[in-house]
Amino acid sequence: MKTIKLKIKNNVDFTRELRLFNSVVRYSFNRFQEGLSEKDVRSKVKELFKANSWFLQCAIKVGQQLYKKHRK
């Protein structure tokens with residue numbers, strides 16, 4: 001059996017997605033602080049940010065969990 005070693009060349013840049021995700025998390029966290037429900041936050045996020053629905057939903061959930069953790 002022979003082992004072949006190849007260098008991995010992966011030129012994927014996720015900076016745009018990371019910025020969008022962080023923006024949605026920050027926006028949803030602030031809306032939860034204002035007292036909005038998840039349904040209201042989801043509709044506002046879909047109006048402002050154009051991305052995959054699953055991507056947006058995950059960011060909203062992270063914002064909601066951060067809000068629940070730091071509610072004080």
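Start by selecting isoleucine 60. Leaving out residues up to four places away in sequence, Ile60 touches Val24, Ser28, Phe32, Glu38, Val41, Arg42 and Val45, where a contact means heavy atoms within 4.5 Å. Before you go on, keep in mind that this is a predicted model, in which local features need pLDDT of at least 70, side-chain atom pairs count only at pLDDT 80 or more, and totals for chains, interfaces and linings use all residues. Residues are numbered from 1 along each chain as its sequence is written, and side-chain values use heavy atoms, with hydrogens and water left out.

**The core around Ile60**

Now widen the selection to Leu20, Val24, Val25, Tyr27, Phe32, Val41, Val45, Phe49, Leu56, Ala59, Ile60 and Tyr67. These 12 residues make up the largest nonpolar core. Such a core is a set of buried Ala, Val, Leu, Ile, Met, Phe, Trp, Tyr and Cys residues joined through side-chain atoms within 4.5 Å. Colour by helix and you will see that helix 1, helix 2 (38–48) and helix 3 (53–69) each supply at least two residues of this core. Helix 1 gives the largest share, five residues. Helices here are DSSP runs (H or I, at least four residues), numbered from the N terminus.

Next, show the side chains of helix 2. Which of its residues are buried? Glu38, Val41 and Val45 are; buried means under 20% relative accessible area, exposed over 50%, and partly exposed in between (1.4 Å probe, protein chains only). Because these residues cover an arc of only 60° around the axis, they sit on the same side of helix 2. The arc is taken from the directions that run from the helix axis to the C-beta atoms. Among the elements covering the buried residues of helix 2 are helix 1 and helix 3.

**Following the charges**

Side chains of opposite charge can pair when their charged atoms come close. How many salt bridges does a search of the whole structure find? It finds four, counting a side-chain nitrogen of Lys or Arg within 4 Å of a carboxyl oxygen of Asp or Glu.

Stay on helix 2 and select arginine 42 with glutamate 38. They form a salt bridge whose closest N and O atoms are 3.3 Å apart. Both lie in helix 2, four residues apart, about one turn of the helix. Glutamate 38 counts as buried because its relative accessibility is 17%, while arginine 42, at 28%, counts as partly exposed.

Apart from neighbours within four places in sequence, glutamine 57 is in contact with Glu38 and Arg42.

Move to arginine 31 in helix 1. Is arginine 31 buried or exposed? With a relative accessible area of 14%, Arg31 is buried. Its side chain meets that of glutamate 34 in a salt bridge (3.0 Å, N to O), and glutamate 34 is exposed, with a relative accessible area of 55%. Not counting residues up to four places away in sequence, arginine 31 also touches Leu36, Val41 and Lys44.

For another pair, select glutamate 17 and arginine 16. The closest N and O atoms of this salt bridge are 3.8 Å apart. Arginine 16 counts as exposed at 58% relative accessibility, whereas glutamate 17 is partly exposed at 31%.

**Last stops: a surface patch and a loop**

Select phenylalanine 14, in the segment before helix 1 (15–33). Phe14 counts as exposed because its relative accessibility is 51%. Together with Val12 and Leu18, Phe14 forms a nonpolar patch on the surface, with about 310 Å² of accessible area in all. Areas come from the Shrake-Rupley method with a 1.4 Å probe, and for residues only the protein chains shown count as cover. Patches take residues with over 30% relative accessible area and no salt bridge, joining like charges within 9 Å and nonpolar side chains (Val, Leu, Ile, Met, Phe, Trp, Tyr) within 5 Å.

Finish at alanine 51, in the loop between helix 2 and helix 3. Alanine 51 is partly exposed, with a relative accessible area of 34%. Leaving aside residues up to four places away in sequence, Ala51 touches Leu20 and Leu56. Draw a distance from alanine 51 to lysine 7: they are 44 residues apart in sequence and 33 Å apart in space, C-alpha to C-alpha.
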